[in-house]
Amino acid sequence: MPSMQSVSMFCADNGLSRSLFYRLLKDGRAPRVTKIGRRSLIAATAAAEWRARMERETEQAAQSPNAPISDREAK
């Protein structure tokens with residue numbers, strides 16, 4: 001994996017649409033983005049931290065008694 005990825009590369013590697021990525025960015029849930037000129041790049045470390053955070057959030061949601069039934073059944 002390169003040390004920096006474009007948003008398109010990040011989305012392709014993580015199975016996200018660009019619209020979902022930008023929705024996550026707007027909600028403060030996307031990985032850290034570095035702007036270089038007009039380009040938006042994501043460092044490999046930022047991508048790894050994001051994936052770990054998403055995994056933790058998924059586990060917490062599945063263990064929560066208030067989680068939707070479909071989330072609890074997915075486990």
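Helices and strands here are DSSP runs numbered from the N terminus, where a helix (H or I) needs at least four residues and a strand (E) at least two. The model is a predicted one, in which local features need pLDDT of at least 70 and side-chain atom pairs count only at pLDDT 80 or more, while totals for chains, interfaces and linings use all residues. Residues are numbered from 1 along each chain as its sequence is written, and side-chain values use heavy atoms, with hydrogens and water left out.

Is S6 buried or exposed? S6 has a relative accessibility of 19%, so it counts as buried. The cut-offs are these: buried means under 20% relative accessible area, exposed means over 50%, and partly exposed lies in between, using a 1.4 Å probe and protein chains only. Apart from neighbours within four places in sequence, S6 is in contact with R39, S40 and L41; contact means heavy atoms within 4.5 Å.

Now step back to the whole protein. Its secondary structure comes to four helices and three strands, and along the sequence they follow the pattern β-α-α-β-β-α-α. The protein has 75 residues, and buried ones make up 25% of them. Among contacts with a separation of 6 or more, 39% are between residues 24 or more positions apart.

Next, look at how α1 and α2 meet. Two packed helices are described by the angle between their axes and the distance between the axes. Here α1 and α2 pack at an angle of about 105 degrees, and their axes are 9 Å apart. That makes α1 roughly perpendicular to α2. The axes are lines fitted to C-alpha atoms, for helices over the stretch in contact, and angles between N-to-C directions run from 0 to 180 degrees. Angles under 35 degrees count as roughly parallel, over 145 as roughly antiparallel, 65 to 115 as roughly perpendicular, and the rest as oblique. On the α1 side the contact is made by V7, S8, F10 and C11, and on the α2 side by R18, F21 and Y22. These residues divide into five nonpolar, one polar and one charged. For that sorting, Ala, Val, Leu, Ile, Met, Phe, Trp, Tyr, Cys and Pro are nonpolar, Asp, Glu, Lys and Arg are charged, and the others, Gly among them, are polar.

Between the two helices runs a loop, and S17 has its place there. With a relative accessible area of 36%, S17 is partly exposed. S17 and V7 are ten residues apart in sequence, and their C-alpha atoms are 9.9 Å apart in space.

Rings of Phe, Tyr and Trp (its six-membered ring) pair if their centres lie within 6.5 Å; planes under 30 degrees apart are stacked, over 60 edge-to-face, and the rest tilted. How many aromatic pairs are there? The count comes to three. F10 and F21 have ring centres 5.8 Å apart and planes at 65 degrees, so this pair is edge-to-face. Because F10 lies in helix α1 (residues 7–14) and F21 in helix α2 (residues 18–26), the pair ties together parts that are eleven residues apart in sequence. Both F10 and F21 are buried. The rings of F21 and Y22 are also edge-to-face, because their centres are 5.2 Å apart and their planes at 85 degrees. F21 has 1% relative accessibility, while Y22, at 35%, counts as partly exposed. Ring pairs link F10, F21, Y22 and W50 into a cluster.

Finally, the core. A nonpolar core is a set of buried Ala, Val, Leu, Ile, Met, Phe, Trp, Tyr and Cys residues joined through side-chain atoms within 4.5 Å. The largest one has 13 residues, of which F10, L16, F21, I42 and W50 touch the most other members. At least two residues each come from α1, α2, β3 (39–43) and α3 (44–63), and α3 gives the most, with four. L16, leaving aside neighbours within four places in sequence, is in contact with F10, C11, L24 and W50.
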